[in-house]
Structures are given as C-alpha cells and as structure tokens.
Amino acid sequence: MDIDLKDLLKTSRVFSSLGESASQRLLGKCNQVHLGQGEILFYQGDTSDSVYLLVSGKLVAFLTLLSGQARTVGYVLPGETVGELGAIVNEPRSLSIKALKDSTLLKISTRDFIEICLQFPSVMFESLNPFITRSTFLLQIFSATVIGPIFFEFIERKGDEGFGEGNFRALFE
C-alpha cells in the first residue's frame with residue numbers, strides 16, 4: 001500500500017501509537033472498500049465482523065428508532081474509525097453507517113483488530129473515545145422530554161439495573 005495510508009495511520013487517533021513495523025503489518029491485513037454516495041456500509045443490528053478506517057470521503061452514523069425514524073448521531077471524517085466497539089465487545093452494530101460522499105475505507109477484520117488491541121492497548125483505549133462521544137449523544141436523544149420515560153422503560157423491561165450488561169443492546173431491540 002502507498003505512503004499516504006501509512007501517513008493516515010500516523011494521524012489517526014486510534015492507530016497513531018503504532019510503530020512503523022506494526023503499521024505495515026496492519027496495512028498488510030487491510031482491504032480497501034469503496035462506497036458511492038448514498039451507499040450503506042452496514043446497518044444497525046448487523047454482525048460486527050470488521051472495523052473500518054475512513055481514508056477519504058464522509059460518512060454519517062445514524063440510529064433507527066423503534067418508530068422507524070432515523071436520527072443522525074454524528075459524522076465520520078478521514079482518519080476516523082467505525083465499528084470498534086462492536087469488534088471489542090462482540091456485539092451487533094449499534095448504528096448504521098452511510099456514505100454522504102464517495103468514500104474509500106480500509107477494512108480490518110475483527111480478529112485482526114482484537115490482535116492489535118492486545119498487542120497495543122493504546123489502540124483499544126483510543127477506540128473507546130468515539131464510542132463515549134456517540135453514547136453521550138444517544139443519551140441526549142433518549143432523555144429528551146418527549147421520549148425520556150420510554151428510554152428508562154427500555155432498561156426496566158430488560159430487568160437490568162445499570163446501563164451495561166446488555167442495556168445498550170436493549171435500546172435497539
């Protein structure tokens with residue numbers, strides 16, 4: 001792969017801690033994926049079989065509510081990743097991702113991503129930051145006055161006491 005991809009890894013928040021040889025090994029395990037404007041990368045609920053690093057273009061992350069309404073959670077810009085949390089916790093995709101512009105991504109299998117996280121814990125820690133940001137926005141969506149009680153009822157219906165151990169999944173079932 002060309003030098004631009006190595007530079008992208010160096011500037012990527014998630015992968016910037018990798019040294020030259022680890023970056024080269026990672027790039028050797030990646031496949032390029034091209035999406036046209038409007039194409040879906042994956043849907044909420046799909047199996048988390050890979051992590052993606054956006055090389056070029058722009059993506060939108062959205063949540064489909066029980067009503068069928070789509071709510072934008074955020075945008076993905078070059079150098080940012082998607083799919084990290086599902087890979088780390090082995091859970092289905094929590095959001096859908098669509099290309100707003102023609103986009104090129106690097107696809108990293110979950111197995112390879114987990115291997116990198118085990119060898120370089122900083123990759124895993126940096127992967128959590130986008131999730132925390134998106135989760136904060138999701139809490140704002142679900143705690144709005146109009147639907148706030150519904151959010152708490154989802155959790156109560158699952159019989160769980162906190163926001164972990166399947167409660168995040170409860171929001172989407």
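Q: How many disulfides does a search of the whole structure find?
A: The search finds zero disulfides, a disulfide being a pair of cysteine sulfur atoms within 2.5 Å. This is a predicted model, in which local features need pLDDT of at least 70 and side-chain atom pairs count only at pLDDT 80 or more, while totals for chains, interfaces and linings use all residues. Residues are numbered from 1 along each chain as its sequence is written, and side-chain values use heavy atoms, with hydrogens and water left out.

Q: Is C30 buried or exposed, and what about C117, buried or exposed?
A: C30 is buried, at a relative accessible area of 7%, and C117 is buried as well, at 6%. Buried means under 20% relative accessible area, exposed over 50%, and partly exposed in between, with a 1.4 Å probe and protein chains only.

Q: What is in the chain overall, in helices and strands?
A: There are seven helices and eight strands. Helices (H or I, at least four residues) and strands (E, at least two) are DSSP runs, numbered from the N terminus. Of the 173 residues in the chain, 42% are buried.

Q: And which share of the contacts comes from residues 24 or more positions apart?
A: Such residues account for 73% of the contacts in the chain with a separation of 6 or more; contact means heavy atoms within 4.5 Å.

Q: On to the sheets: what is the strand order in the open sheet of four strands?
A: The order is β1-β8-β3-β6, with antiparallel pairing. Two strands pair if DSSP finds at least two bridges between them.

Q: Which strands stand at the edges there?
A: β1 (31-35) and β6 (81-82) do; each has a single partner strand, so one side of each is left without a neighbour in the sheet.

Q: How many bridges join β3 to β8?
A: Six bridges join β3 (residues 50-56) to β8 (residues 103-109), and the two strands run antiparallel. In this pairing Y52 has K107 as its bridge partner, and L53 has L106.

Q: What about β3 and β6, how many bridges?
A: Two bridges join these antiparallel strands, and Y52 stands opposite V82 in β6. As for burial, β3 is mostly covered, with five of its seven residues buried.

Q: Where does H34 lie, and which residues is it in contact with beyond its neighbours within four places in sequence?
A: H34 lies in strand β1. Leaving those neighbours aside, H34 is in contact with S103 and T104. H34 and S103 are 69 residues apart in sequence, yet their C-alpha atoms are 5.8 Å apart in space. H34 counts as exposed, because its relative accessibility is 53%.

Q: Changing topic, what does β4 pair with?
A: One of its partners is β5 (residues 70-76), which pairs with β4 in the antiparallel sense over six bridges; V60 has Y75 as its bridge partner in β5. β4 is also joined to β7 by four bridges, again antiparallel, with A61 partnered by I97. Strand β4 (residues 59-64) is mostly covered, as five of its six residues are buried.

Q: What phi does G68 take in the hairpin of β4 and β5?
A: G68 takes a positive phi near 95°, in a hairpin with five residues between the strands.

Q: And N90, what is its phi?
A: Phi of N90 is near 55°, a positive value in a residue other than glycine. Most residues other than glycine have a negative phi. N90 is found in the loop between α3 (84-89) and β7 (96-99), and is exposed, with a relative accessible area of 64%.

Q: Which residues line the largest cavity?
A: The lining consists of R25, L26, K29, D112, E115, I116 and Q119. The elements giving two or more residues are α2 (20-28) and α4 (110-119), and α4 gives the most, with four. By class, two lining residues are nonpolar, one is polar and four are charged; Ala, Val, Leu, Ile, Met, Phe, Trp, Tyr, Cys and Pro count as nonpolar, Asp, Glu, Lys and Arg as charged, and the others, Gly among them, as polar.

Q: Is A22 buried or exposed?
A: A22, in helix α2, counts as buried, at 3% relative accessibility.

Conventions: On a 1 Å grid over the protein atoms alone, a cavity is a set of points where a 1.4 Å probe fits but cannot get out, and a pocket is an open set with protein on both sides within 12 Å along at least five of seven lines; lining residues have an atom within 4 Å of a point.
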